[in-house]
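Thank you all for coming.

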Amino acid sequence: MIAIRLIRENIDYVKKQIEKRFHYKVDWNRIVELDKEFLEINGTLERLQHKAKVNAKLFKRVAGDRKKIDELKQNNKQIKEQIRQIKEQAVSKKAVLKGLLMEIPNLPDETIPVGKDESTNRVVKKWGEPTVFDFKPKNHWQLAKQLGILDFDRAAELSGSRFVVHKGKGAKLERSLINFMLDIHSKQGYQEILTPVLVKAEALMSTGQLPKFIDDLYRTDDGMFLIPTAEVTLVNLHAGEIIEVSDLPIKYQEYSLCFRKEAGSYGKDVRGIIRQHQFNKVELVKFCRPEESDSELELLVKDAESVLQTLGIAYRVMELSTGDIGFSARKTYDIEVWLPGENRYREISSCSNTGDFQARRAKIRYRENAKNCFVHILNGSGLAVGRTLVAVIENYQQKDGSIKIPEALISYMGSDIIP
């Protein structure tokens with residue numbers, strides 16, 4: 001959430017930065033009006049509270065004077081009623097103002113490309129050479145069906161479209177990739193966490209999925225939500241807390257199931273497992289001091305890249321433009337892996353610096369020199385497991401239709417090939 005003080009003191013700058021996102025309209029006049037009304041009400045409340053304190057002291061001065069005591073009691077009663085009414089107004093104004101502020105996205109970093117969509121993203125790095133075959137490569141769903149390792153038909157009977165059943169070596173490859181990623185990131189200093197996949201609405205408000213993206217979320221009858229990413233639970237582990245500066249940076253990783261309705265993706269990626277309603281992911285989250293968050297983002301990207309480097313699969317890193325970064329992000333790098341079956345790069349990880357945006361919503365601060373400040377929070381996929389499985393299948397396919405197992409996964413798989 002953007003600090004109301006920043007809007008109050010530098011609204012022209014805030015407007016300019018939000019305009020760079022292109023897709024958001026904000027009623028700035030309404031926000032400024034509500035803030036002014038809240039400040040006025042709050043000022044009145046403070047004056048009344050001060051008056052009540054003064055009256056309390058006067059009781060001692062008029063001790064024994066029944067008439068004056070009765071007058072003070074009546075006056076105090078009136079003040080208390082006024083305070084009660086003013087408090088109700090203040091709470092109401094603040095709630096409306098907060099609701100409007102919650103719908104404003106994060107301010108984009110001034111260093112990122114300005115553009116309306118992904119066409120203006122910038123390639124900042126390429127690693128490895130796209131796999132070249134002496135035969136026409138197949139898509140992962142063609143290979144998986146041929147090998148019997150992914151079953152889309154039975155998944156559709158069980159749950160509908162955009163679900164998959166992993167079978168035999170397909171299930172073991174998915175599990176191997178999860179353990180492989182967790183082991184890599186453990187060596188990089190990330191503490192492994194395992195959290196619930198059901199959360200309260202407040203957790204999703206804190207990370208920015210609510211209220212804007214409610215149509216993409218699965219909700220239970222009792223008002224709980226299935227997480228769209230472990231970022232939600234990892235960030236909220238410290239909601240409402242004050243962290244000692246000596247404990248920063250904090251680095252967490254978690255394997256979790258993720259659930260998304262993909263409400264806006266009708267007709268996109270209907271074949272295969274690129275875009276599923278339920279999928280596995282290893283998530284990375286960091287908490288750090290503000291002056292360290294830019295460098296920590298660069299390290300986060302490198303940590304995610306290391307998975308693909310160890311697997312020996314080509315990828316590129318994209319710096320997202322102002323019109324393509326997520327709601328809570330101020331700066332984002334996407335890692336895109338090479339998929340020969342599609343003859344193009346596809347996103348496999350998104351690494352973002354949210355600054356203090358999520359920390360303000362979740363009230364997460366750190367203490368340094370007797371002062372409490374908001375932490376900066378970063379998140380990234382390390383990696384999306386299903387898409388990594390796709391990358392392995394397509395990049396390591398053999399002419400006879402078998403899948404060679406990357407050397408780094410052989411000890412996890414217990415074999416060097418899916419025949």
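Let me begin with a term: by a contact I mean heavy atoms within 4.5 Å. In the protein chain, residues 24 or more positions apart account for 73% of the contacts with a separation of 6 or more. Please keep in mind that this is a predicted model, in which local features need pLDDT of at least 70 and side-chain atom pairs count only at pLDDT 80 or more, while totals for chains, interfaces and linings use all residues. Residues are numbered from 1 along each chain as its sequence is written, and side-chain values use heavy atoms, with hydrogens and water left out.

The C-alpha trace spans about 105 × 45 × 40 Å along its principal axes. Of the 419 residues, 49% count as buried, where buried means under 20% relative accessible area with a 1.4 Å probe, protein chains only. The chain has 13 helices and 17 strands, taken as DSSP runs of H or I with at least four residues and of E with at least two, numbered from the N terminus.

Turning to the sheets, two strands are said to pair if DSSP finds at least two bridges between them. Eight strands form an open sheet of mixed pairing, in the order 1-10-11-12-15-9-8-4. Strand 1 (122-127) and strand 4 (191-192) stand at its edges with a single partner strand each, so one side of each is left without a neighbour in the sheet. Within that order, strand 10 (residues 315-319) and strand 11 (residues 331-339) run antiparallel and are joined by five bridges, and Arg316 has Glu336 in strand 11 as its bridge partner.

Elsewhere in the list of pairings, strand 13 (residues 365-368) runs parallel to strand 7 (residues 242-244), with three bridges between them, and Glu244 stands opposite Arg367. Strand 13 is also joined to strand 14 (residues 371-374), by four bridges and in antiparallel fashion, with Phe374 as the bridge partner of Arg365. Two residues lie between the strands of this hairpin, where Asn369 takes a positive phi near 55°.

What, finally, of the largest nonpolar core, and which residues have the most contacts inside it? A nonpolar core is a set of buried Ala, Val, Leu, Ile, Met, Phe, Trp, Tyr and Cys residues joined through side-chain atoms within 4.5 Å. The largest has 48 residues, and Leu173 and Leu177 have the most contacts inside it. Leaving aside neighbours within four places in sequence, Leu177 is in contact with Leu311, Val385, Thr388, Leu389, Val392 and Leu409.

Key. Buried < 20%, exposed > 50% of the residue type's maximum accessible area, 1.4 Å probe, protein only.
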